[in-house]
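Colleague: Can you take me through this one? I would like to start with the ligand and then look at the charged pairs.
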Amino acid sequence: MTLGKLQRPQTLLLVNIAQLLTLRSNAAGPRRGKELQQLGIVEQGSVLCVGGKIVSVGPTKDALRDPWIRKNRRNIVEIDCAGKVVLPGFVDSHTHPAFVGPRLVDFEKRIEGASYQQIAAAGGGIRSSLEEVRQATKSELIAKILNALRDMAAHGSTTVEAKSGYGLTVESEMRSLEAIREAADLWPGTVVPTLLGAHVVPKEFEGCSQKYVETVCSEMVPRAARRKLAQFVDVFCDKGAFTPRETEQIFEAARTHGLSLRAHMGQLSETALGPFLRLHPASFDHLDHVSDADVSQLAQHETVATLVPGANYFLGLKEYPNARRLIDAGVAVALATDYNPGTSPTVSMAMAMSLACTQMKMSPAEAISAATINGAWALRLAERKGSIEPGKDADSAVFAVKDYREIPYWFGANLCAITVLNGAIASSN
Ligand code: NIG
Ligand code: FE
C-alpha cells in the first residue's frame, strides 16, 4: 500500500465505527498493570475532527443528531467505518530511519550462524552503514526518511521518533538531523527527532572512545540543541558500544543543553539502571536483560520500558524481553518497531504487536495500549497523542477488521485502510 493522497487538515467525521478504541483514561501517568487492558471501547462510534484536533467522540447516533454537524454536513468529509476498527494512530517511539541501504551481507551471515557481536567485530553491523550515510547528500537522506515515514503512515503510525546515528561525525550527524527535520516538514504526521551520536564508537576513534564521547558532548549535543534539531539524546549503552560512565557523561551534556534523555539499555547485557533514573530519562529501550531490583525501581518511575521485539525476531533470538515480569511489577511498557537496517527492518507496529502477543505473552489489549498511549508517554507527548479524546491531535488509524484482536492476529498483513495524521487523510483508495 502506498499513500495515494495527502491533504491538509480537514473537517472529518468518522461514523459507524464497529469498535472505536478511545484509550481514554483519567490516569495521570503512563499505563501500568491492569490499566493496559482498558481500551475505552465505544461500539458504533464516531469521531469529529476540526482543524487537526479531535472535537467530539461518542456514539454515531448522537453525532448524526448534533445540530452543528447537521448544519455543516456539506463541508464535512464523512468516512463510513462500518465493520471497521478505529484506534489512535500508533506512536512508534523508537526508529532509526536515517540510513541508506539494507545490510544484506549481515543478514546472510547471521543465517549462517554468526551473532550480532561477531558480525560487528568483523566490520559489519552499525559501522558498515556509516560510509553510505557520510557520502549521501541531504536530499538522498530526505528521500529515504520520507519514504519510511510514508510507509509507516500506511501501516497506521502517526507519530514517529526518528534517530540519527549512522553518520557519527559532527557533520554527518547534523546532516542526518536536518534531513529528519526536512522529511518531517513534508509529512503530515508528527516526528520527534533524537540525536544518537553515541550509537557506536566509529573506527577513527577506535581505542580512544573517550575522545569520541567528548566530541559527542562538546560538539554534537550543543549544536543539535542550539539549532533545535533534536528533542532527545539517545545512547547505546551496552557491551561493544558505550559504558555506563560514558552514558552518564553524555546524559549530563544533554541535560546541560536542555535535551531530554532516552537510551538503548540491556539489549546484549545487563546495565544497572538505578544511577540513571535520577536523571529522569523518558525511556529505556530493549531491556532484554534487567535485574529484579531495577524492575522494582522502574515501576516507581515514569521512565517507560520500550520493548522492540522486532529486533529479537530479526536476529533470530530464542529469548524475548520478559514483558510479563515488567507489566506484573507495574512498569510502564511501550512497544516500538526499532526500524533500522541491522536488527529490525520493519515499519509495522502491527507486527511488533503480533510478536508481543505470541512471543512475550502480552494480550492484544495490552499491546494496543503499549503501541499508542504508552508510546506517547515515552515521547512525553501524552497530552496531545496516544488516545482519541476531545482536545487531542486528530491522529487515528482505521483498520479493515471487525475486532481489535485481529490487528495482531493477521500477522504480516497490512490491514490499515486509512490513516488520519493531524487531521489529514492518507489512504490507498
Ligand atoms: O536498536 N542497538 C543499537 N541500535 C539498533 C541496531 C542498529 C543497527 O544494527 O544498525 C537497535 O537494535
Ligand atoms: Fe534501536
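Modeller: One term to begin with: a polar contact is a pair of N or O atoms within 3.5 Å. Also, keep in mind that this is a predicted model.

Colleague: Fine. How far does a polar side-chain atom of Tyr116 lie from an oxygen atom of ligand 1?
Modeller: The distance is 3.2 Å, from a polar side-chain atom of Tyr116 to an oxygen atom of ligand 1. For Asp338, a polar side-chain atom is 2.7 Å from a ligand oxygen. In the side chain of Arg103, an N or O atom is 2.8 Å from an oxygen atom of ligand 1.

Colleague: And how much of ligand 1 does the protein bury?
Modeller: The protein buries 100% of the 330 Å² that ligand 1 exposes when taken alone. Ligand 1 sits in the largest cavity.

Colleague: How many residues surround ligand 1, and which are the closest?
Modeller: There are 15 around ligand 1, and the closest are Arg103, Tyr166, Gln267, Asp338 and Thr343. Sorted by class, the shell has nine polar, four nonpolar and two charged residues.

Colleague: Change of topic. How many salt bridges are found in the whole structure?
Modeller: The search finds 24. In general, side chains of opposite charge can pair when their charged atoms come close.

Colleague: Which residue does the side chain of Arg278 meet in a salt bridge?
Modeller: Glu248, with 3.0 Å from N to O. Arg278 lies in the loop between helix H10 (274-277) and strand S11 (283-286), while Glu248 is in helix H9 (residues 244-256), so the pair ties together parts that are 30 residues apart in sequence.

Note on methods: Residues numbered from 1 in each chain as written. Chains lettered and ligands numbered in written order. Predicted model: local features only at pLDDT ≥ 70, side-chain atom pairs only at ≥ 80, totals over all residues. Heavy atoms only, no water. Near = heavy atom within 4 Å. Polar contact = N/O pair within 3.5 Å; in protein donor to acceptor, adjacent residues only side chain to side chain. Areas by Shrake-Rupley, 256 points an atom, 1.4 Å probe, with all protein chains shown as cover. 1 Å grid on protein atoms, 1.4 Å probe; cavity = no way out; pocket = protein on both sides within 12 Å on 5 of 7 lines; lining within 4 Å. Sits in = over half its atoms within 2 Å of the grid points. Nonpolar A, V, L, I, M, F, W, Y, C, P; charged D, E, K, R; others polar. Salt bridge = Lys/Arg side-chain N within 4 Å of Asp/Glu carboxyl O. Helix = DSSP H or I, 4+ residues; strand = E, 2+ residues; numbered from the N terminus.
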